[in-house]
Amino acid sequence: MEKPRARSWAAAALVVVFFAVAAASPVPRRILVDTDMDTDDLLALLYILKQDRSQFDVKAITINANAWIDAGHGVNQLYDILYMMGRDDVAVGVGGDGGISDDGEIHPDVGGYLPLIDQGMSTAGGCRYRQAIPPGRRGGRLDADTNSGVRRGFLPRGPRRYEPLRQPTAQQVMVDTISAGPTTMLLLGTLTNAALLLMARPDLRRNVERVYVSGGSVRAPGNLFTAYNANPFAEFNVFGDPFAAYQVLHSGVPVTLVPLDATNTIPVTEEFFAEFGRWWQNTPEARYCFQSLDKVLRRHRRPGPDLHGSTGYYLWDSFAAGVAFSAMRNGEANGGNEFAELEYMNITVITSNEPYGVRDGSNPFFDDRATPKFGLKDGGAHSGHVQTGIRDSFCLVPGSNSGRCQDGYTKEVSGSEGVQVRVATSATPNTDNSSALDREFFKSFLEVLNLPKQAGRFNISTQFPYYREILYKPEFIDESRGRPVIFDMDMSPGDFVSLIYLLKAPREVIDLKGVLVNGNGWANIASIDIVYDILHMMGRDDIPVGLGNTTALGTPTLGCTNAYAVPLGSGGFIDSDTLYGLARSLPRSPRRYTPESSDDPEHRQPLAFEVWQSVKKQLGPGDKITLLTGGPLTNLANISLSDRDARSVIERVYVVGGLITGGGHEKGNVFTVPSNIYAEFNMFLDPLAAKTVIESNLNITLIPLTAQTKAASFGAILEALEQTQQTPESMFVHRIFSLLNELQSKQKLYHHVDIFLGEVLGAVYMVQGSELKSSVKLKPISVIANATKSTDGQIVISKQSTKLVNVLSDFNAEIYYNRLANSLANKKQSAVIGSFEEQMAIWSRPPNNSGPGHTKFL
């Protein structure tokens, strides 16, 4: 009877040993990364994801949406990176629609779309700091959103995607992650999300082990290359929200700062880049990093001061991550670091400029307030002049190219106004003097990316056994062609439906020759890739797409004049940039935005004016162009001002937009600017362009808001679509309208989305107007463009105006819905490839070489 007892004691001993070993095993550090998803962030993220998970476990990644990336584009790229790396377990947070009330109460789920100083109760707002970041090409947000065109040609498309009202918010993911246990935060962009967390949930500070910040400039000059003449002290990440940075550094949480002082000593050299390309591309993530870096350097190369062989580019965030991991291995408070020299400094963040206590209209924390917001001290460090933009006259010094504003300056100070921060001061040289890699971190960066352990699984071309890129172009053999048409769109959901409708219109009636995209309407300019996908689906890869301006006519290229009226969150840019989450169900086109490069200037995205010129050259004798505009009139205004002959070859312009005020009860739809009662969005977003076009001698037909409203019944169009036969394109349109209808009924943030349905009227009227029992009136009108928020974009009847415009005043709505539905359901000119799911099936089987004649392999 003793043997069972012996076995029992032996089993108990094994349990004790097991728990002792488990207790002795180091628990991996929990990591939360907050990133702005610019190219250097992508390199850093892949370096972070390749760290040994037994030491460092990435639990969550959040995106700060008020810097280099636009939220919708950034979140889907992040999902695809995690899918490539086999890390769909990592929580992803972005945005949110919460606000900060006037009394300083931080509501749940503030999205971080705006800096704290400008955050109210909505996601619509200006670009006080963000205007320092170019919105378009040549290294701006367009290139960040698309990763310079590399993203769509390389990354696989995973199952996760942005979905309206289902996407976890940045604050939700941060709170959940840090509540679950001690967590280290790596902040690679502006500090808005982190500040909101620490301010709203001070109880969670005890779970933040340390914050590593990539940003700031202490003893080095700032890097605001677009605003140096106003502020030579700040670095981009901290300048993006100085008050947020102040809150993080002064939160009481231990902070390590990796500023320009250190990152300036680790430039990407030509030797490093050559070594990377020659020997270090053994994994999908290494190849993605190299191709991304290659695209950046093709447009970016310039010699850095006193840095022989420098490309003018730096591994800012990757280096900061390397410093963080080395510190976590070797002791964060006083331990050594393989990659950087560090020292303690007494630091603060400058959030306003002296003299303090002077209320000049620049500082919402104090101006027009009896009690300063957040309980700030009147006359204190936050109460001075706050930089209002990159051309703030307060900041400019006459006769100097170096300004005096210090907003965002991580300044070394003495006494209690600063806090003790561990600061990286320089990068450690490589101990191997014979190596082409002159910094110790370069060696780690390339080695880690190329480790077989935790390597990426595949890219888009290796994910499928028979992946190939195909262009679909129709063969116009003995086919009569209708009037030449150019569609100018701002890429709202209604514009995409209009584009599909135009592609279904009989070619003997209209011949769609080109598409122009606006970057100052309802979507950011990188959404041009969705246009390419629609054209690919419909077999029209022959139609050129031209890239338009990102700012309104007559305004600086850095700024957001009137575009501030479009919400950044739900119902606004994040939804338009993803086509309300539905863009990823479209087939992926081989065509995509491609930036210009120094060594291949011809292979790039064509501009709107270039597409206009190309279409114009193709005109036959007596031919004239018909234009349909579905957004702000910026592109057409620029064309008419740049091409003296433009008006002679334009037959008619159909303008979707405007509200003609004439004493009736109709009101405009610019709901984010309540002081402007009678403007319509397309006119408001660029009033000067609207005035230039509508008051010109062009033959204009206006499709005003009053007519659009009559064509904005979701119930009627959905019923009409459900009564017709189905095509891939009609089903896709049904999904769009069903989703918009559902969102409008569920959430007040989507109360306005029926305006996108009304926009489709312009396309249908242009093609089938004679069938709609419509009536048109000639009216003498004028557009108000006086840079006054309360009246900009309004259209008035003007007896003094000599310009008469055709205005659509009425039509038969039932006929309209039926014509639209029947056209989309017509099997003729239907989709060549209906969805990404269908495309995946094609890529999974051998090619059928007996395919249609309009198919061309790239």
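# Briefing on selected local features

Asp 109 is placed in the loop between E3 and helix H4 (141–146); helices (H or I, at least four residues) and strands (E, at least two) are DSSP runs, numbered from the N terminus. The model is predicted: local features need pLDDT of at least 70 and side-chain atom pairs count only at pLDDT 80 or more, while totals for chains, interfaces and linings use all residues. Residues are numbered from 1 along each chain as its sequence is written, and side-chain values use heavy atoms, with hydrogens and water left out.

- Asp 109 has a positive phi of about 60 degrees although it is not a glycine.
- Asp 109 is partly exposed, with a relative accessible area of 28%; buried means under 20% relative accessible area, exposed over 50%, and partly exposed in between (1.4 Å probe, protein chains only).
- Gln 829, likewise a residue other than glycine, has a positive phi near 55 degrees.
- The loop that holds Gln 829 runs between helix H28 (813–825) and helix H29 (836–843), and Gln 829 is buried at a relative accessible area of 13%.
- The peptide bond from Glu 354 to Pro 355 is cis, with omega near 5 degrees; Pro 355 belongs to the loop between E9 and strand E10 (410–412).

**Helices: packing and burial**

- Helix H2 (residues 39–49) packs with helix H3 (residues 71–84) at an angle of about 30 degrees, and their axes are 11 Å apart. Axes are lines fitted to C-alpha atoms, for helices over the stretch in contact, and angles run from 0 to 180 degrees between N-to-C directions.
- The contact (heavy atoms within 4.5 Å) is made by Leu 42, Leu 45, Leu 46 and Leu 49 of H2, together with Gln 77, Leu 78, Ile 81, Leu 82 and Met 84 of H3.
- Eight of the residues in the contact of H2 with H3 are nonpolar, one is polar and none is charged. Ala, Val, Leu, Ile, Met, Phe, Trp, Tyr, Cys and Pro count as nonpolar, Asp, Glu, Lys and Arg as charged, and the others, Gly among them, as polar.
- In helix H17 (residues 528–537), ten of its ten residues are buried; among them are Asp 529, Asp 533 and His 536.

**Aromatic residues**

- A search of the whole structure finds 36 aromatic pairs. Rings of Phe, Tyr and Trp (its six-membered ring) pair if their centres lie within 6.5 Å; planes under 30 degrees apart count as stacked, over 60 as edge-to-face and the rest as tilted.
- Tyr 654 and Tyr 765 form an edge-to-face pair, 6.2 Å centre to centre, with 70 degrees between the planes.
- Because Tyr 654 lies in strand E17 (residues 650–656) and Tyr 765 in helix H27 (residues 761–768), the pair ties together parts that are 111 residues apart in sequence.
- Tyr 654 is buried at 9% relative accessibility, and Tyr 765 is buried with a relative accessible area of 12%.
- One aromatic cluster includes Tyr 47, Phe 56, Phe 272, Phe 319 and Phe 445.

**Buried residues and their surroundings**

- Asn 237 lies in helix H8 (residues 236–239) and is buried, with a relative accessible area of 7%. Its side chain reaches the backbone oxygen of Ser 214 at 2.7 Å.
- Beyond neighbours within four places in sequence, the contacts of Asn 237 include Asp 36, Leu 188, Ser 214 and Asp 317.
- Thr 348 belongs to strand E9 (residues 340–349) and is buried, with a relative accessible area of 4%.
- The side chain of Thr 348 makes a polar contact with the side chain of His 250 (3.0 Å). A polar contact is a pair of N or O atoms within 3.5 Å; within protein, one must be able to donate a hydrogen and the other to accept it, and residues adjacent in sequence count only if both atoms are side-chain atoms.
- Val 94, found in strand E3 (residues 91–94), is buried at a relative accessible area of 3%. Not counting residues up to four places away in sequence, Val 94 touches Ile 63, Val 75, Pro 168 and Ile 574, among others.
- Ile 755 lies in helix H26 (residues 754–759) and is buried, with a relative accessible area of 15%. Leaving aside neighbours within four places in sequence, Ile 755 is in contact with Trp 522, Asn 669, Phe 681 and Gln 708.
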